[in-house]
Structure formats: C-alpha cells, structure tokens
Amino acid sequence: MFEDYLSELKSEKLEDRHAAVDRIAALASSDLEKYVPEIVSLLKKSDTDTRWYLGRALIKLGKDVIPCLIKESEMETDMAVQKYFASILAYFGEDAAEPLVKLFESENATSRGMAAAALEKIGDGSVIYLMEAVQSDNKTVSVCAGIVLAKLGVYDY
C-alpha cells in the first residue's frame, strides 16, 4: 500500500517528500499493528534517504508506535535496520526506556544491542530503568544494563 508513496519520497521537491511522510503517517495511524510492519518492510528494502523519511513517518505516529517497533526489533537481525529502530525509539525518550530495557531479555543479540544504543541516546531518562535492570537475576539483563550505565558514567561496571 505504501509503495505508492515511494516515488514521492524520492521526489526532488522537499515539499513532496514531506507530504508523502504526512500521508503515510495519517494512513498508518488508523491501525498501527497492521501498518507499522508494512512500513518496516519498506524501510528494510529502501535506500538510505527513503529509510530516513519512513523513519520520520514512524516518529509522526507518536509514542503509540513504541510497542510495534519493539515487536519488530525482536525479530530483526539486520544491524542497519536496527540502527533506524534505535534512533526512532530514542526520539521518544523516557517513554521508550522501559520497553527497551525489557529487550535485554531477548534471544536476539542484535535486538539487545539496538536497545542498548537507544538507551544510551536517551541518557538520563533511562537511568531509573537501567538501575532496576542491573539488579536482575538474569545475567544477560544485568550485564547489558551495567554496560549502558557505565557508558552513561553512572555506574562503575
């Protein structure tokens, strides 16, 4: 469905690209669980510029997109795509921090790495959740949280 907007996202006219982002976000807002995977699918096979605009469309959907992106990230192994997820989720700051910390439980190491990168970008807004996670009985969770806290200069790991 969104493939119709790809040519507009590649337009030489900035206003066309912005209008396409707005149309994608407006359509997707009607059913995030249905449309976010479709946008992510397009993002995976697009060039860098198009990925950036699709990321902007996901951000325009607001913080309600967080659970959908977390779910998508759990299945994603492509590090380039995960970098976009990290940037998008970090944009939402503290609202995304707790679900990102929960990704440390994921079997997907790429997903855990994305969560760590996003939490580091969030910074102070993630510290309370990371401090809880560092106390976890799950060694993977506590190590991941400790590493991010060390990078933030909060914890001597």
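A residue is called exposed when its relative accessible area is over 50%, buried when that area is under 20%, and partly exposed in between. The structure described here is a predicted model. In this model D137 has a relative accessible area of 82% and is therefore exposed. D137 sits in the loop that joins helix α9 (127–133) to helix α10. Along the chain, 54 residues separate D137 from K83, and the C-alpha atoms of the two lie 28 Å apart.

Two further positions fall in the intermediate class. V143 belongs to helix α10, which spans residues 139–151. The relative accessibility of V143 is 24%, so V143 is partly exposed. Between V143 and R51 there are 92 residues of sequence separation and a C-alpha to C-alpha distance of 31 Å. E8 lies in helix α1, residues 6–9. With a relative accessible area of 22%, E8 is likewise classed as partly exposed. When residues up to four places away in sequence are left aside, E8 touches D16, R17, A20 and R23. The C-alpha atom of E8 is 23 Å from that of S87, a residue 79 places away along the chain.

The packing of helices was examined next. Helix α5 (residues 66–75) packs against helix α6 (residues 79–91) with an axis separation of 11 Å and an angle of about 155 degrees. Because angles over 145 degrees count as roughly antiparallel, α5 is placed in that class relative to α6. The crossing of these helices, α5 and α6, is left-handed. On the α5 side the contact is made by I66, L69, I70, E72 and S73, and on the α6 side by Q82, F85, I88 and L89. The buried residues of α5 are I66, C68, L69, I70, E72 and S73. The cover over these buried residues includes α6 together with α3 (32–44), α4 (48–60), α7 (94–102) and α8 (109–122).

The crossing of α7 and α8 is left-handed. Residues E94, A96, A97, L100 and V101 of α7 make the contact with M114, A115, A118, L119 and I122 of α8.

Helix α8 also packs against α10. The axes of α8 and α10 come within 10 Å of each other and cross at roughly 35 degrees. The crossing of α8 and α10 is right-handed. In this contact R112, A116, L119 and E120 of α8 meet T140, C144, V148 and K151 of α10.

Aromatic side chains were then considered. A pair of aromatic rings is described by the distance between the centres and the angle between the planes. The model contains four aromatic pairs. One of these joins F2 and Y5, with 6.5 Å from centre to centre and 35 degrees between the planes, and is tilted. F2 is buried, since its relative accessibility is 1%. Y5 has a relative accessibility of 18% and so is also buried. In the pair of Y91 and F92, the ring centres are 5.5 Å apart and the planes stand at 85 degrees, which makes the pair edge-to-face. Y91 has a relative accessible area of 52% and is thus exposed, whereas F92, at 11%, is buried. Ring pairs also connect F2, Y5 and Y35 into a cluster.

Finally, cysteines were checked for disulfides. A disulfide is a covalent bond between the sulfur atoms of two cysteines. With a cut-off of 2.5 Å between cysteine sulfur atoms, the count of disulfides is zero. C68 has a relative accessible area of 12% and is therefore buried. C144, with a relative accessibility of 15%, is buried too. C68 is listed among the buried residues of α5, and C144 is one of the α10 residues that meet α8.

Technical notes. Residues numbered from 1 in each chain as written. Predicted model: local features only at pLDDT ≥ 70, side-chain atom pairs only at ≥ 80, totals over all residues. Heavy atoms only, no water. Buried < 20%, exposed > 50% of the residue type's maximum accessible area, 1.4 Å probe, protein only. Phe/Tyr/Trp six-rings, centres within 6.5 Å; stacked < 30°, edge-to-face > 60°. Helix = DSSP H or I, 4+ residues; strand = E, 2+ residues; numbered from the N terminus. Axes fitted to C-alpha atoms, helices over the stretch in contact; angles between N-to-C directions. Parallel < 35°, antiparallel > 145°, perpendicular 65-115°, else oblique. Left-handed = near helix turned anticlockwise from the far one by under 90°. Contact = heavy atoms within 4.5 Å.
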